[in-house]
Amino acid sequence: MSAEQMPVGVEVDCGSHVVTEDQIVEFASLWDPQYFHVDQEAAVHSDFGGLIASGVHTTAIFQRLAATGVYRKYDVIAGKEIHNLRFLRPVRAGDVLTATLLVQSVEPDGPGRCLVTIHGSLHNQHGRPVLELEVDSLLRSETAIRRSSATSR
């Protein structure tokens with residue numbers, strides 16, 4: 001589908017993900033090896049009182065849910081920019097994170113593409129927000145998709 005078909009002004013549920021301790025430790029061991037992400041015993045003595053997911057991991061969970069819940073239906077060219085990325089509370093093993101996104105705008109941005117701006121969030125199983133962000137992405141426009149279909153005939 002083209003960018004023009006994105007539901008502007010509609011909040012979309014992108015699904016949920018259960019965070020496990022193994023995921024937290026595995027991700028952080030590779031990408032953010034701070035003790036409160038990788039060492040359960042040491043994390044107990046941190047300001048968080050236990051193991052928590054990396055913010056990068058939390059952002060990756062949002063991206064996965066947004067991609068499988070919404071973006072896979074559209075002809076995405078590329079992500080462009082993330083604004084106002086905020087980590088609002090720690091994510092812990094056992095948390096069930098649910099992603100939602102709200103398409104704020106779809107604007108032409110050069111031949112055959114549109115700039116799509118979304119507001120995204122992750123909430124835990126208690127309905128409390130753990131992450132918020134705004135993302136600008138480039139998506140193929142309807143005119144480019146029609147042009148591509150016409151030339152392939």
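User: Hi! What should I know about the model and the numbering before we start?

Analyst: Residues are numbered from 1 along each chain as its sequence is written, and the side-chain values use heavy atoms, with hydrogens and water left out. The model is predicted, so local features need pLDDT of at least 70 and side-chain atom pairs count only at pLDDT 80 or more, while totals for chains, interfaces and linings use all residues.

User: Great. How many helices and strands does the protein have?

Analyst: There are five helices and five strands. Helices (H or I, at least four residues) and strands (E, at least two) are DSSP runs, numbered from the N terminus. In sequence order the pattern is β-α-α-α-α-β-β-β-β-α.

User: And what box do the C-alpha atoms fill?

Analyst: Along the principal axes, the box is roughly 60 × 30 × 20 Å.

User: Let's look at strand S4. Which strands does S4 pair with?

Analyst: S4 pairs with S3 (residues 96-108) in the antiparallel sense over 10 bridges. S4 also pairs with S5 (residues 129-140), again antiparallel, over 11 bridges. Two strands pair if DSSP finds at least two bridges between them.

User: What about the turns?

Analyst: S3 and S4 form a hairpin with four residues between them, and Gly 110 in that turn has a positive phi of about 95°. The hairpin of S4 and S5 has five residues between the strands, and there Gly 127 takes a positive phi near 80°.

User: Which residue has a positive phi although it is not a glycine?

Analyst: Asn 84 does, with a phi of about 50°. Most residues other than glycine have a negative phi. Asn 84 sits in strand S2 and counts as exposed, at 53% relative accessibility.

User: What do buried and exposed mean here?

Analyst: Buried means under 20% relative accessible area, exposed means over 50%, and partly exposed is in between (1.4 Å probe, protein chains only). Buried residues make up 38% of the 153 residues in the protein.

User: Back to S4. How many of its residues are buried?

Analyst: Eight of the 11 residues in S4 (residues 113-123) are buried, so by the under 20% cut-off the strand is mostly covered.

User: Which residues touch the most other members of the largest nonpolar core?

Analyst: Met 6, Phe 62, Val 116, Ile 118 and Leu 122 do, in a core of 32 residues. The elements that give two or more residues to this core are helix H4 (55-69), S3, S4 and S5. A nonpolar core is a set of buried Ala, Val, Leu, Ile, Met, Phe, Trp, Tyr and Cys residues joined through side-chain atoms within 4.5 Å.

User: New topic: what is the volume of the largest pocket?

Analyst: About 180 Å³. Of its 15 lining residues, the closest to the centre are Gln 63, Tyr 71, Gly 79, Val 135 and Ser 137. On a 1 Å grid over the protein atoms alone, a pocket is an open set of points where a 1.4 Å probe fits, with protein on both sides within 12 Å along at least five of seven lines; lining residues have an atom within 4 Å of a point. The volume is the space filled by probe spheres set on the points, which are joined across faces, edges and corners.

User: Which strand gives the largest share of the lining?

Analyst: S2 gives six residues, the largest share.

User: And is Ser 137 buried or exposed?

Analyst: Ser 137, found in S5, is buried because its relative accessible area is 6%. Beyond four places in sequence, Ser 137 touches residues including Tyr 71, Gly 79 and Cys 114.

Definitions and conventions:
Contact = heavy atoms within 4.5 Å.
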